[in-house]
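Below is a short briefing on a protein chain, arranged by topic. Please keep the sequence and the structure in view while reading.

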Amino acid sequence: MSFGLRRQLLLIGLLTLLLPWASTLYIRETESALRSAQANFLQDLARGLAPAISRALPQASPDPLDELIYLHRLGATPVLDGFSDDWRLNARLQPAVVAPELLSVLAGDDDGTVWLFARAAHAPSQLPRIEVSCLADNGELQRASLQPEAPGALNSTSDKLALNDRLRGFWQPVANGSLWELRIPRDSCRQRLGVLLAVGAQEARTYRGSMPGAIISQSPALNDVLQQNTLPGIEAYVVDRSGWHVSSISGSRAVTAEATQPAGTMARLYRRLLGSDQAGQTLAPDAVMTRLAAVTDALAGQPAQARVAIASALDEPARPVALAAQPLRQGNDVVAALVLRQDSAAILTLANPSLVRLTNTIVITTAVVVAMLLAFATWLSWRVRRLAKATIRALDSRGQLATSLPGRQAVDEIGALTRGFESLLGRVSEQQSWLRSMADKLSHELRTPLAVVQSSLDNLDFSELDPQQRALSQRASDGVRRLRAILNSMSSVNRAEQAARTAMHEQIDLSVLLNQLVTAYQSTFTDHQWHAPIADNAKVWGSADLIVQMLDKLVENAVGFAPPKSTVTLTLELESSHVIMTVHNEGPPLPAGKSANLFDGFVSHRNTATEHTHLGFGLYIARLIVEAHEGTITASNWRTNTASGVRVDVRLPRSTTHIASTAN
């Protein structure tokens, strides 16, 4: 496949698509810089707030961290049915510290009421017992033991009637265990809460000693400090050493109106090019103990930054958030971490419209440039093809050169090339005209010397010459005769070319003309038999004299190769738009591969010497005449069961076709 101008310019146009790619890289770098600046700002702000937040922290609990019970803040009052689906929490259950494979719990606070959900693992045939221990503000330890007898409400026994009277529960067996849901008065469990599960001889507990584990929940004092120091658009909360939130999330996420609107198709496409804005972990709205790597680093004493995705609600998609974590110390010990986070939608709001506008502009510009280059390449290639076709057609079938080419008025390089071709064709035409006149000039200039030589040789014939001298004289006479034959042939070719160019054409009935010629050929070439099936009403547009000359050449050639007494056939057939004249003899076949140049000058395939000089101009003149009549001439071998030979076919357009084409 050729790599033409259109494909070359199209490739150049497509290279302009590098501009959108470069702009994408630029916007990606800009967005990365904005994110880095946002994270650094949050880190600096957290570092400045850390001393004030540390002073508002409650004293670190001396209890082991794994015995703490975290009290989640519930969004709504659950239904006491043994299931935690209505707790509206996306938090994991805490495993017991003793036999954690048997017991895991989840605690929550709803306006002064403690809710406890527990999952127990045991055989379906076993009935477990659960014991709840609470430490009130007055330091009084209360315990309630619950023993289920059937699914549903729980029966309890207690050594303190206050807890027994106010505790409500529900037990629900499931595959491989059971579910417990309890409701406990908040004033009975201000400081500590513990759960013990007994299954046969096995016990699982959330505490190790005799005292239940401490309750950890959000600090109102810490919430006030955070609320006073948090900037608009920034959320802040504190995480203790175990990873629990000890404060509520203060502040609000500042999301612009543009960021809340769904991104368009082009924005989503370009966002794919930039890469997803979400990175790291995805947090649910109520997740309060997700082990973020940045928070873990801060609890280890190292400030850290991260990018996470957080959903505003359970049914909303997560949005990108920048996060910074700062260690909080009491003395030399890291007791908690301050976490600040800010929505990255502001960056996307800045980046996305700019990205869409810039990329759209570049893509549209690129499309326009490619279309213009393609149109220009099409126009340019059309001009080049037109010049190429005109150059190919500059030499017509009659040997005439057309020195005028299209597009010579153009002032660009193609116009200069066209004018250069015209100049070259003009010089070639002049040279061709000079060469055409050479035959007449040579014939005229050589005839007088030849006449002198011939007369001298004739005079020698009357002299007394010895045999050797007589032989030399005869050889000189033969050479002069051959040279005169060459000059006569060249003159006849030149006259034929001039006649083909200047002859007047008229409508001819070839049927009548060929019947007359066949009669003449039969009386002239009496050594051969003639067969001439000729169709009627074969009219063509041409010169009768030239057609007769062409047929004379073909018949002379056929008779010259045909054996004596053989048949020479001259036929005339009709087609819808052409007439076909055929001359064939029963002579020797054409040599293999020689039919293509048979009609060129100075080409002859006669193998026997004759007294006549044959230069091959007969068939050459026939071709000139056929081409002057806008026809074609071909030669080929033919063979039947009884004979073989050579045939020459001449196809000429019928006069109606010629008239129609001339009118068009």
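Which residue takes a positive phi in the hairpin of β3 and β4? D111 does, with a phi near 50 degrees, and the hairpin has two residues between its strands. The model is a predicted one. Its protein chain holds 14 helices and 25 strands, and 42% of its 664 residues are buried.

**Whole chain**

- The accessible surface of the protein chain is about 34,900 Å², and carbon and sulfur atoms hold 55% of that area.
- Among contacts in the protein chain with a separation of 6 or more, 65% are between residues 24 or more positions apart.

- Strands β3 (residues 103-110) and β4 (residues 113-121) are antiparallel and pair over eight bridges.
- Within this pairing, S104 has R119 of β4 as its bridge partner.
- Strand β4 also pairs with β10, again antiparallel, through nine bridges.
- A121 is found opposite G177, a residue of β10.
- Strands of a sheet pair through backbone hydrogen bonds, either parallel or antiparallel.

**The disulfide**

- One disulfide turns up in a search of the whole structure.
- The disulfide is between C134 and C189, with an S to S distance of 1.9 Å.
- C134 belongs to strand β5 (residues 129-135), while C189 sits in the loop between β10 (177-185) and β11 (192-199), so the bond ties together parts that are 55 residues apart in sequence.
- The disulfide is right-handed because the torsion about its S-S bond is about 55 degrees.
- Both C134 and C189 are buried.

**Nonpolar cores**

- The largest nonpolar core has 45 residues, and those touching the most other members are L510, I547, M550, L551, L554, M581 and L652.
- Elements giving two or more residues to this core include the helices α10 (467-502), α11 (510-524), α12 (544-561) and α13 (617-628).
- Beyond its neighbours within four places in sequence, M581 is in contact with L510, L514, M550, L551, T571, L572, V648, D649, V650 and L652.
- In soluble globular proteins, nonpolar side chains tend to be buried together.

- An open sheet of five strands runs in the order β20-β22-β23-β25-β24, with mixed pairing.
- The edges of the sheet are β20 (529-531) and β24; each has a single partner strand, so one side of each is left without a neighbour in the sheet.
- From one strand to the next, the twist averages 15 degrees.
- Strands β22 and β23 run antiparallel and are joined by six bridges, and T571 has T582 in β23 as its bridge partner.
- Helix α11 packs on the sheet and touches β20, β22, β23 and β25.
- The direction of α11 makes about 175 degrees with that of β22.
- Helix α13 lies across β24 and β25, and runs at about 125 degrees to β24.

Terms used. Residues are numbered from 1 along each chain as its sequence is written. This is a predicted model: local features need pLDDT of at least 70, side-chain atom pairs count only at pLDDT 80 or more; totals for chains, interfaces and linings use all residues. Side-chain values use heavy atoms; hydrogens and water are left out. A disulfide is a pair of cysteine sulfur atoms within 2.5 Å. Helices (H or I, at least four residues) and strands (E, at least two) are DSSP runs, numbered from the N terminus. Buried means under 20% relative accessible area, exposed over 50%, partly exposed in between (1.4 Å probe, protein chains only). Contact means heavy atoms within 4.5 Å. Accessible areas come from the Shrake-Rupley method with a 1.4 Å probe; for residues, only the protein chains shown count as cover. A nonpolar core is a set of buried Ala, Val, Leu, Ile, Met, Phe, Trp, Tyr and Cys residues joined through side-chain atoms within 4.5 Å. Two strands pair if DSSP finds at least two bridges between them. Axes are lines fitted to C-alpha atoms, for helices over the stretch in contact, and angles run from 0 to 180 degrees between N-to-C directions.
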